[in-house]
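Colleague: I have a structure open and I would like to walk through it. Can we start with the sheets and go on from there?

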Amino acid sequence: MGDIRVGIIGVGNIASMLVQSVEYYKAIDSNEGLIHEVIGGYDIRDLRFVYAVDVSSEKVGRDLSEAILAYPNMVRKFVNIPRLGVTVRMGRILDGVAPHMVDDFKPAKLPEPSEDELVREVLDAGVDVLVNLLPVGSEDATRFYARVAARAGVAFVNAIPVFIASSPTDSIVELALENRAPILGDDIKGQLGSTIVHRALASLARMRGAKLVETYQLNIGGNTDFKNMLALERLKTKKESKTLAVASTQDEPEVLLREERVYAGPSGYIPFLGNTKISHMYMRIKAFAGSDVEIEVKLKVDDKAMATAVLVDVLRIAKILKDNKLGGSIPWASAFYFKHPPVPVKSDYEALKMLYRGLEELGVEARPKLLEYY
Ligand SMILES: NC(=O)c1ccc[n+]([C@@H]2O[C@H](COP(=O)([O-])OP(=O)(O)OC[C@H]3O[C@@H](n4cnc5c(N)ncnc54)[C@H](O)[C@@H]3O)[C@@H](O)[C@H]2O)c1
C-alpha cells in the first residue's frame, strides 16, 4: 500500500504521543487499543512523519524525534524513537502564542515564512496529510495552515475547535474542493474522552424515552493545553464545540442551548495532573411519570492517548479520501471522529454507520467492524 506521509503543525504533546505510538505499535506487533486495525489496507505502522512546523525556540531546527521530547512537552518517553531525518521548520506565529503562554511556547527569533514558501515546503516534502495541532484559540494561524494545505492539494485534519470543516461555504473549503484536497474536522473527539462518554449517556436517555433537562461537564488537567485555555477569550469555540456535541444528542438541542442548560468545557489548570484529564459529569433527566433521574460520572484518562487513538484512524481516512480525489469537507468522514463535525449527528452509532457506508461506497474496508450497520 505504501506509506502515509504526514506533516505536523504544532509539535506539542499530541504530536509526541502520535510519533511515539507508531514506534510503539511497530515494537509490540499487536493492535490492542486501536479503534480500527486496518482501514483500506493501511495499518498504523504505515504512518510516516515527513514534515513538521512549530514556532518554539525549543523545537524549531531540531530533529522531530528530539523536538517531541522538548520543553514544555510532558508525554513521557515510552519507546525508542530513531532519528527521523525531519527538521522542525519555523512557522507563522500569528495568534498561536497567547500572551500568557510566551514562556511555554518561547517563539524563536527567526524569519517567518510566507504562505508561498510553506506551500513549496509541503509539496517538496511529499506530504499527503497535514494535521493541525495548534493551541486552542489559534484562529488565524489555523486558517493560514489550512490554506497552505488547500493550495498544495494535500489533506488537512483539523484537530482543534476552529470551525473550517464545519463551515462548508468557507473560502478555504471551496479552495480545497477545487484542488481535491479533503478537510476533516473540527476538534478531535477522543477515543473514550469526556465528549463521547457524555454523548453516549445523553443518547441513552433519549433512546429510553427520557429527556435530558440539564447537564454539566467540568474538565481539569495540567498540561499546556489546559494552561492555554485559562484565557477565556481563547475558550469560546472549545465550549461551543463541546456544548453542541452534548446538546445535539437530544430532540430539541436549541432549547437546551437557549436556556443554557448544557455546560461543557475546560474548567481548570492543575499543574500536578500533567497529561491526566479528569472530567466530572452531571445529568438530570426526566423519565417515566415525571420522575427525576440523576447521573454523576467521574472519568480519568490520559488525554493525549485519547486524542491520538482517533488521529491514527483519521490520518488513514484522510489519505484514502485524497487518493480518491475527494476534496472539501466530507461530513460522513468527520462525524464519528470530531466534536464539531460538518453535520451534527444524534448518536455516535449513527456516526459510525455513516462512516462505514461512506467507506463502502469507495470500496474501502475497515477492520474490525464495530457494529452491524444494515
Ligand atoms: N484530548 C486532547 O488532547 C484533545 C482533544 C481535542 C482537541 N485537542 C486540541 O489539540 C491541540 C493540540 O494539543 P496538544 O496537547 O498537543 O497542545 P500543546 O500545547 O502540547 O502543543 C501546541 C504546539 O503548538 C505550537 N505552536 C504554537 N503556535 C504555533 C504556530 N503559530 N505555528 C506552529 N506551531 C505553533 C507550540 O509551540 C506547541 O508545540 C490543542 O488545541 C488541543 O486543545 C486536544
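Modeller: What follows goes through the sheets, the helices on them, the ligand shell and a few backbone details.

Colleague: Before that, what kind of model is this?

Modeller: It is a predicted model.

Colleague: Fine. What is the strand order in the sheet of 7 strands?

Modeller: The order is β4-β3-β1-β5-β6-β7-β12. The sheet is open, and its pairing is parallel.

Colleague: Which strands stand at the edges?

Modeller: β4, residues 89–90, and β12, residues 328–329. Each has a single partner strand, so one side of each has no neighbour in the sheet.

Colleague: How many bridges join β1 to β3?

Modeller: There are 6 bridges between β1 (residues 4–9) and β3 (residues 47–54), and the two strands run parallel. To find one of the pairs, look at Arg5: its bridge partner in β3 is Arg48.

Colleague: Which strands does helix α11 touch in that sheet?

Modeller: α11, residues 303–323, packs on the sheet and touches β1, β3, β5, β6 and β7. Its direction makes about 155° with that of β6.

Colleague: And α5, which strands does that helix lie across?

Modeller: α5 (residues 139–152) lies across β1, β5, β6 and β7. Its angle to β6 is about 155°.

Colleague: Now helix against helix. At what angle do α5 and α6 pack?

Modeller: At about 15°, with their axes 8 Å apart. That angle makes α5 roughly parallel to α6. The crossing of α5 past α6 is left-handed.

Colleague: Which residues make the contact?

Modeller: α5 brings Arg143, Ala146, Arg147, Ala150 and Arg151, while α6 brings Ile172, Leu175 and Ala176. By class, the contact of α5 with α6 has 5 nonpolar, no polar and 3 charged residues.

Colleague: What about α7 and α9, at what angle do they pack?

Modeller: α7 (residues 194–207) and α9 (residues 232–247) pack at about 25°, and their axes are 8 Å apart. The two helices are therefore roughly parallel to each other. Thr195, His198, Arg199 and Ala202 of α7 meet Lys242, Ala245 and Val246 of α9. By class, this contact of α7 with α9 has 3 nonpolar, 2 polar and 2 charged residues.

Colleague: On to the ligand. Which residues come nearest?

Modeller: Gly10, Gly12, Ile14, Gly96 and Ala307 come nearest, of the 38 residues around the ligand. The elements giving two or more residues to that shell are α1, β3, α8 and α11.

Colleague: Which element gives the most?

Modeller: α11, with 4 residues. The shell as a whole has 20 nonpolar, 11 polar and 7 charged residues by class.

Colleague: Last topic, the backbone. Which residues does a cis peptide bond join?

Modeller: One joins Gly185 and Asp186, with omega about 0°. Asp186 lies in the loop between β7 and α7. A cis peptide bond also joins Arg367 and Pro368, where omega is about -5°. Pro368 is in the segment after β13.

Colleague: And what is phi at Lys106?

Modeller: Phi at Lys106 is positive, about 25°, although the residue is not a glycine. Lys106 lies in the loop between α3 and α4.

How values were computed:
Residues are numbered from 1 along each chain as its sequence is written. This is a predicted model: local features need pLDDT of at least 70, side-chain atom pairs count only at pLDDT 80 or more; totals for chains, interfaces and linings use all residues. Two strands pair if DSSP finds at least two bridges between them. Two residues are in contact if their C-beta atoms, placed from the backbone, lie within 7 Å. Axes are lines fitted to C-alpha atoms, for helices over the stretch in contact, and angles run from 0 to 180 degrees between N-to-C directions. Angles under 35 degrees count as roughly parallel, over 145 as roughly antiparallel, 65 to 115 as roughly perpendicular and the rest as oblique. A crossing is left-handed if the near helix is turned anticlockwise from the far one by less than a right angle, and right-handed if clockwise. Ala, Val, Leu, Ile, Met, Phe, Trp, Tyr, Cys and Pro count as nonpolar, Asp, Glu, Lys and Arg as charged, and the others, Gly among them, as polar. A residue is near a molecule or strand if its C-beta atom, placed from the backbone, lies within 6 Å of it.
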